[in-house]
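Reader: I am new to this structure. Please show me how to read it, one feature at a time.

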Amino acid sequence: IDLEDVVARFKAGLSVEVGDSVPSAAYVKMAKEIDGMERAIERLTPQCPGEIAAGVELVLEGLHLNKRLNKDRIGGKAQYRG
């Protein structure tokens with residue numbers, strides 16, 4: 001899956017916080033606002049906001065592990081940035 005649009009948004013200054021205390025609705029909004037994110041998670045065929053949240057976190061963590069995004073721990077949350 002081409003994730004260059006997602007990475008480009010973060011390189012342009014986007015940062016997001018994810019974690020257990022972030023509501024699923026925020027992830028749904030995130031998926032719509034980050035170019036390429038909906039396309040990246042559509043193969044997972046998410047059926048509910050919780051599955052969308054899991055898909056967004058999967059993509060972000062994968063990009064971090066492949067050294068495409070930076071990740072910082074802030075309390076019980078993680079912040080991803082370019």
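Author: Start with a strand pair: strand β2 (residues 70-74) and strand β3 (residues 77-81) run antiparallel and are joined by five bridges. Two strands pair if DSSP finds at least two bridges between them. Helices (H or I, at least four residues) and strands (E, at least two) are DSSP runs, numbered from the N terminus. This is a predicted model, in which local features need pLDDT of at least 70 and side-chain atom pairs count only at pLDDT 80 or more, while totals for chains, interfaces and linings use all residues. Residues are numbered from 1 along each chain as its sequence is written, and side-chain values use heavy atoms, with hydrogens and water left out.

Reader: Which residue stands opposite Ala78 in β3, and how many residues lie between β2 and β3?

Author: Arg73 is opposite Ala78. The two strands form a hairpin with two residues between them, and Gly75 in the turn has a positive phi of about 60 degrees.

Reader: Is Gln79 buried or exposed?

Author: In general, side chains in a regular strand alternate between the two faces of the sheet. Buried means under 20% relative accessible area, exposed over 50%, and partly exposed in between (1.4 Å probe, protein chains only). Gln79 lies in strand β3, and it counts as buried because its relative accessibility is 19%. Contact means heavy atoms within 4.5 Å. Leaving aside neighbours within four places in sequence, the contacts of Gln79 include Ser15, Val16, Glu17 and Ile74.

Reader: Which residues of helix α1 are buried?

Author: In α1 (residues 4-11) they are Val6, Val7 and Phe10. These residues are on the same side of α1, because they cover an arc of only 95 degrees around the axis. The arc is that of the directions from the helix axis to the C-beta atoms. The buried residues of α1 pack against β1 (15-19), α3 (37-41), α4 (49-65) and β3. Just after α1, Gly13 takes a positive phi of about 115 degrees.

Reader: Which residues are in the largest nonpolar core?

Author: A nonpolar core is a set of buried Ala, Val, Leu, Ile, Met, Phe, Trp, Tyr and Cys residues joined through side-chain atoms within 4.5 Å. The largest one has 23 residues, and those with the most contacts inside it are Phe10, Met37, Val56, Leu60 and Tyr80. α4 gives the largest share of this core, six residues. Not counting residues up to four places away in sequence, Phe10 touches Leu60 and Tyr80, among others.
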